Amino acid sequence: MGLEMAPVATESSPEQQPEVAIYPLCRYYFGAKDARPCAGETAADRALRLKANFAARGLRTCVHGVLLVELSGHPHVLLLQVRNSSFLLPGGRLRPAEQDLQGLKRKLSSKLAAEDRNGDHHWQIGECIGMWWRSEFDARPFPYPPPNTRASKECVKLFLVRLPMARQFVVPRNLKLLAVPLSQIHDNAQVYGPIISAIPNLLSKFSFNVVRD
């Protein structure tokens, strides 16, 4: 039996890449609402809270949104800043039995929209672009289940959120919403952490279409 060569996959051209429409930052409006709890907690307090939740509920699943805008001709991602230091993607922990998309919409509304319990904020959630696991709550996340671990403590999922042409963002007063260029967060885990700094690589399969009209 002769050796058979597997067919060589051809690289996708830019025309074949999934397209993401992004709009200028100036099309969006920003407001403030009452502060949210836990936004200013210390790392030690957070670790204690997460350990208590794991003991009661098991694996913690978090969902976060990647929201993109255009500024100065470059794509930017919207990040929440805490205490002028740490950066977060909008999102958070799922409730027991809550589905990913349902939970992400709830979290986006609580972090980025006006208070309206009966309102539908029309978040357009796209594909999951990345997943990470932690063996411990203070451990570095891996983009795969860590080996030699009996049970992961946390799973983090990132979803691409496609923004409309215009929207109002209303953010808790103890948080800041910033537009950060992808070039600044790329491979910059020291400032943004391993998950946020990986976003430019995760988005490399997409082509950006800046819509100005």
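**Exercise 1.** State whether Phe87 and Tyr192 are buried or exposed, and describe their ring pair.

Solution. Phe87 is buried, as is Tyr192; buried means under 20% relative accessible area, exposed over 50%, partly exposed in between (1.4 Å probe, protein chains only). This is a predicted model, in which local features need pLDDT of at least 70, side-chain atom pairs count only at pLDDT 80 or more, and totals for chains, interfaces and linings use all residues. Residues are numbered from 1 along each chain as its sequence is written, and side-chain values use heavy atoms, with hydrogens and water left out.

Next, take the rings. Rings of Phe, Tyr and Trp (its six-membered ring) pair if their centres lie within 6.5 Å; planes under 30 degrees apart count as stacked, over 60 as edge-to-face and the rest as tilted. Phe87 and Tyr192 form a tilted pair, with 4.8 Å centre to centre and 45° between the planes.

Phe87 is in strand β5 (residues 86-88) and Tyr192 in helix α4, so the pair ties together parts 105 residues apart in sequence. Helices (H or I, at least four residues) and strands (E, at least two) are DSSP runs, numbered from the N terminus.

**Exercise 2.** Describe the aromatic pair of Tyr28 and Phe169.

Solution. The structure holds 4 aromatic pairs. That of Tyr28 and Phe169 is tilted, at 5.7 Å centre to centre and 45° between the planes. Tyr28 belongs to strand β2 (residues 28-33) and Phe169 to strand β9 (residues 167-172), 141 residues apart. Tyr28 is buried at 5% relative accessible area, and Phe169 is buried at 0%. Ring pairs also bring in Phe30, giving a cluster of Tyr28, Phe30 and Phe169.
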